[in-house]
Amino acid sequence: MRKRDIFSVYFRGLAELAFVALGFAIAGLLCMQLIAMLTEKIIYAESALLFIWQSLVLLALWPGQTFWTIRRTTAHGFEHSVIGLPSDDDLRVLNHRAARRSGPERQG
């Protein structure tokens, strides 16, 4: 893959992550505002929004998480997993690299 393809795949995937997390953070903030109004408490909306958004982004980028997967396809048809479970193409490349490392020249 070219550097431009790699940059494009990761940029689009991480942009999707940021915007979807922002949408869920806004929905969470609305719920928190409703609860605050019902209990007559005051919350700081900016701080709550930032906290929820950061929590969602960090949970999505946590190594080994499987609940959120973002995949992108390059111009050559290679499907790459930006976050989450690896795609079949990623696993195939990983297996080829492992086979090359443990080739016949190392089994002496």
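Biologist: Let's start with R92. Is R92 buried, partly exposed or exposed?
Modeller: R92 is partly exposed, because its relative accessible area is 43%. Here buried means under 20% relative accessible area, exposed means over 50%, and partly exposed is in between, using a 1.4 Å probe and protein chains only.

Biologist: Before I go on, what am I looking at?
Modeller: This is a predicted model, where local features need pLDDT of at least 70 and side-chain atom pairs count only at pLDDT 80 or more, while totals for chains, interfaces and linings use all residues. Residues are numbered from 1 along each chain as its sequence is written, and side-chain values use heavy atoms, with hydrogens and water left out.

Biologist: Good. Which residue forms a salt bridge with R92?
Modeller: That is D89, and the closest N and O atoms of the pair are 2.9 Å apart. A salt bridge is a side-chain nitrogen of Lys or Arg within 4 Å of a carboxyl oxygen of Asp or Glu.

Biologist: Where do D89 and R92 sit, and what separates them?
Modeller: Both are in helix α3 (residues 88–101), and because they are three residues apart, about one helical turn separates them. Helices (H or I, at least four residues) and strands (E, at least two) are DSSP runs, numbered from the N terminus.

Biologist: And D89, buried or exposed?
Modeller: D89 counts as buried, because its relative accessibility is 16%.

Biologist: How many salt bridges does the structure hold?
Modeller: Two. Besides D89 with R92, the side chains of E16 and R72 meet in a salt bridge, at 2.1 Å from N to O. E16 lies in helix α1 and R72 in strand β1, so this pair ties together parts that are 56 residues apart in sequence. E16 itself is partly exposed, at 28% relative accessibility.

Biologist: Let me zoom out. What pattern does the chain follow?
Modeller: Along the sequence, the pattern is α-α-β-β-α. That makes three helices and two strands.

Biologist: What is the radius of gyration of the chain?
Modeller: The chain has 20 Å, whereas a compact globule of 108 residues would have a value near 13 Å. The radius of gyration is taken over C-alpha atoms, and the globule rule is 2.2 Å times the number of residues to the power 0.38. Along the principal axes, the C-alpha atoms fill a box of roughly 75 × 30 × 20 Å.

Biologist: How much of the chain is buried?
Modeller: Buried residues make up 24% of the 108 residues.

Biologist: What does S87 touch?
Modeller: Not counting residues up to four places away in sequence, S87 touches R71, E79, H80 and S81. A contact means heavy atoms within 4.5 Å. A polar atom of the S87 side chain also lies 2.7 Å from the backbone oxygen of E79.

Biologist: Now Q65. Where is Q65 found?
Modeller: Q65 is in the loop between α2 and β1. Q65 is buried too, because its relative accessible area is 8%. A polar atom of its side chain lies 2.9 Å from the backbone oxygen of A60. Leaving aside neighbours within four places in sequence, Q65 is in contact with L59, A60, I83, G84 and L85.

Biologist: Switching to the outside: what about F19 and F51, buried or exposed?
Modeller: F19 counts as exposed, at 63% relative accessibility, and F51 counts as exposed, at 56%. F19 is in helix α1 (residues 3–39), while F51 is in helix α2. From C-alpha to C-alpha they are 15 Å apart in space, and they are 32 residues apart in sequence.

Biologist: One last thing. Which residues form a nonpolar patch on the surface?
Modeller: I6, Y10, L14 and L61 do, with about 320 Å² of accessible area together. Patches are made of residues with over 30% relative accessible area and no salt bridge: like charges are joined within 9 Å, and nonpolar side chains (Val, Leu, Ile, Met, Phe, Trp, Tyr) within 5 Å. The areas come from the Shrake-Rupley method with a 1.4 Å probe, and for residues only the protein chains shown count as cover. L61 is found in the loop between α2 (45–60) and β1 (70–73), and L61 counts as partly exposed at 42% relative accessibility.

Conventions. Polar contact = N/O pair within 3.5 Å; in protein donor to acceptor, adjacent residues only side chain to side chain.
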